[in-house]
Each structure stands twice: as structure tokens, then as C-alpha cells.
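Trainee: Before we look at the model together, I would like to go through the terms used to describe it. Could you set each one against its definition as we go?

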Amino acid sequence: MSVHDELASVQRCLDDLIRSVGRLEKQLGSGGLEMRRVRADTNHLRESLALLRETTAATVAPQKRPDLVTISDTPYDPSLWVDTDDEGLGARDRRAP
């Protein structure tokens, strides 16, 4: 799975958690310390996930493929190699040491 897919999955689970906490809060009331703590933790998770999505969107940008260069199959012009040294052998008119 890609990072985007994983974050989407976490977001769905977090949305389910928020709905469940909301239903639980309706049943138990929102006045107790424990319920306020659960609500605060849920909101904190939502904010943390939003921050994580922002940072990963900037760092995990799709990688741009490099431009392809076509190399012709036709032979090179021999005049390009005039007055050149053979690699490892030196100049053409001299002997290797």
C-alpha cells in the first residue's frame, strides 16, 4: 500500500472513532471528566493526522521521470575520432610504454 492509501485508511478509522465517541457522548453525557478526556484525545488525533497528511503531501510528491534521450543506431562520423587517443593505449602514432 502506498502512503496515500495508508493515510486514507487511518482517516476512515478515525472518522468511525469520532462517530462512535459522539454516540457514546449522547448516551453518557458530556459532563464527566472521562468523556471530556476521550473527546479531547479524539480531537487531538484528528489534528495530528491532518498535520501528518500535510507534511507527507509535501515530502512524498510523485517522482518525476527523467526525460528519455533517443540514441541513434547509425554509426558515428569517423571524422569525430581524428587526433584522439585510444583509451589506455595513448596516441595512434606512438607505441604504448
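This is a predicted model: local features need pLDDT of at least 70, side-chain atom pairs count only at pLDDT 80 or more; totals for chains, interfaces and linings use all residues.

Mentor: Helices here are DSSP runs of H or I with at least four residues, strands are runs of E with at least two, and both are numbered from the N terminus. Residues are numbered from 1 along each chain as its sequence is written, and side-chain values use heavy atoms, with hydrogens and water left out.

Trainee: How many helices and strands are there in the protein chain?

Mentor: The protein chain has two helices and zero strands.

Trainee: What makes H1 roughly antiparallel to H2?

Mentor: Axes are lines fitted to C-alpha atoms, for helices over the stretch in contact, and the angles run from 0 to 180 degrees between N-to-C directions. The axes of H1 and H2 come within 10 Å and cross at roughly 160°. That makes H1 roughly antiparallel to H2, since angles over 145 degrees count as roughly antiparallel, those under 35 as roughly parallel, 65 to 115 as roughly perpendicular and the rest as oblique. The crossing is also left-handed, a term used if the near helix is turned anticlockwise from the far one by less than a right angle, with right-handed used if clockwise.

Trainee: Which residues of H1 and H2 make the contact?

Mentor: Contact means heavy atoms within 4.5 Å. On the H1 side the residues include Val3, Leu7, Gln11, Leu14 and Leu17, and on the H2 side they include Met35, Arg39, Leu45, Leu49 and Arg53. The residues of the contact of H1 with H2 divide into 13 nonpolar, four polar and four charged, where Ala, Val, Leu, Ile, Met, Phe, Trp, Tyr, Cys and Pro count as nonpolar, Asp, Glu, Lys and Arg as charged, and the others, Gly among them, as polar.

Trainee: Why is Leu45 called partly exposed?

Mentor: Buried means under 20% relative accessible area, exposed means over 50%, and partly exposed is in between (1.4 Å probe, protein chains only). Leu45 has a relative accessible area of 45%, and therefore counts as partly exposed. Leaving aside neighbours within four places in sequence, Leu45 is in contact with Leu14 and Leu17, and the C-alpha atoms of Leu45 and Leu14, 31 residues apart along the chain, are separated by 7.8 Å.

Trainee: What makes Gln11 partly exposed?

Mentor: Gln11, in helix H1, has a relative accessible area of 21%, so partly exposed is the term for it. Beyond its neighbours within four places in sequence, Gln11 is in contact with Leu49 and Arg53.

Trainee: Which residues of H1 and H2 are buried?

Mentor: In H1 they are Leu7, Leu14, Ile18, Val21, Gly22 and Glu25, and these pack against H2. In H2 they are Met35, Arg39, Thr42, Leu49 and Thr56, and what covers them includes helix H1. Of the 97 residues of the protein chain, 12% count as buried.
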